[in-house]
Amino acid sequence: MKIVVKVGTQSILSEQGIPQEAVLSSIVEQLVDLQNNKCQVVLVSSGAVGFGRSVSRQMLGKEYGSDIGEKQVLASLGQHELMRVYANMFKKHNMLVSQLLLTKQDFHTRMHYLNIARLITKILEQRKIIPIINENDSVSIEQLMFTDNDELAGLIAAQIDADKLIILSNIAGVYTGHPNEPDSKLIPVIDPALHWPSISTSKSTHGRGGMISKLSTARKVAKLGIMTHIASIDEPNIVKRIVNNDTVGTVVLAEKKQSNIKRWIAYSTGQKRGEITVNKCLHDILQEHRRTISLLPVGIEKCTGNFEKGDIVGILSPDKELIGIGIAKYNAVKLQELLGQKNQPVFIHYDHLHIF
């Protein structure tokens, strides 16, 4: 079983940025136990910026602010300290850690995507190594940063075709309202095919995301065939209980497994080189999610951009809403000539199409 576990800053650090060693130790022990029992485990861990704040207070007597430059400094100070804590804890169990610091730019081409996937796969083949992944906040460009590490964890889960994505925070799961409201109830199971809940937009003190980010990631990977569990890191043996299918937190059920190429396409929205607008008839068919169809010029009203064969193209509804992405089978010039015509070659094949 392949498992991606994501832990947030507020889950593993105190308000002052000090590592919560009891929590970290428990997570480490559970991951080691799973790895020793033939699971393959990837840990996605936030905390570099928060740890950097603690280090700068203690060693420099300096309180950094929140602009992008200062956060980059804090990330560069805190990342290796965070890894030192993890390395020491895993070493007690005769386990090594490997560090991967990634940015969105690292996934911009299929070649880069496959290169990272190959590295993670090679690491997972080593039973005594746990890969620990974080966004490289010290060099990330603000406009191209991941929403938060929930998004990065979902991308990694899609990359390795994980069986489970486990997102741990200081919240017990997804609630019908804000968790602090007395009438709010925990939602144990979410089936994306039947219902999608409305939830609180509040965020943690140190994190960039919130429950909306977690559910957005869960919804995306569910369409790729990956089950997501959202739970509290403070629950005893939480990771092992989830793997053993105990009823704890919130589980977002998975839909049908998707191919490797579709999993890549699902996370390639930022790489699109052009857009097409579909007509109402094709839009309605796509939104049903019941038919296996490819996109033909007869259902396309407009195209923009100078895309070539093999480029990522965005798919817009008649109301200009982005509803999906796919890989073009020919360039914009040829499609422009064929718009709206019947009996013309497929523009986006179903195998290269992802509808949100």
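Reader: Which residues of α7 are buried?

Author: This is a predicted model. The general idea for a helix is that residues three or four places apart point the same way, because an α-helix has 3.6 residues a turn. In α7 the buried residues are M211, S213, K214, L215, T217, A218, V221, A222 and K223.

Reader: What should the 13 residues of α7 span?

Author: At 1.5 Å a residue they should span 18 Å, and the end C-alpha atoms are 18 Å apart, which agrees. After α7 comes G225, with a positive phi near 95 degrees.

Reader: Which residues touch the most other members of the largest nonpolar core?

Author: In soluble globular proteins, nonpolar side chains tend to be buried together. Here the largest nonpolar core has 43 residues, and V4, V42, F107, I120, I133 and I156 touch the most other members. Elements that each supply at least two residues of this core include β2 (40–45), α5 (110–124) and α7 (211–223). The largest share, six residues, comes from α6. A second, separate core of 35 residues includes V7, M95, I166 and I238.

Reader: What does I133 touch?

Author: Not counting residues up to four places away in sequence, I133 touches V42, L43, V44, S45, L100, L102, I120, L152 and I156.

Reader: Does a serine get read by the same rule; that is, is S98 buried or exposed?

Author: The cut-off for buried is under 20% relative accessible area. S98 is at 17%, so S98 counts as buried. S98 lies in strand β3. Leaving aside neighbours within four places in sequence, S98 is in contact with M83, I123, I129, I130, P131 and I132.

Key:
Residues are numbered from 1 along each chain as its sequence is written. This is a predicted model: local features need pLDDT of at least 70, side-chain atom pairs count only at pLDDT 80 or more; totals for chains, interfaces and linings use all residues. Side-chain values use heavy atoms; hydrogens and water are left out. A nonpolar core is a set of buried Ala, Val, Leu, Ile, Met, Phe, Trp, Tyr and Cys residues joined through side-chain atoms within 4.5 Å. Buried means under 20% relative accessible area, exposed over 50%, partly exposed in between (1.4 Å probe, protein chains only). Helices (H or I, at least four residues) and strands (E, at least two) are DSSP runs, numbered from the N terminus. Contact means heavy atoms within 4.5 Å. The expected span of a helix is 1.5 Å times one less than its number of residues.
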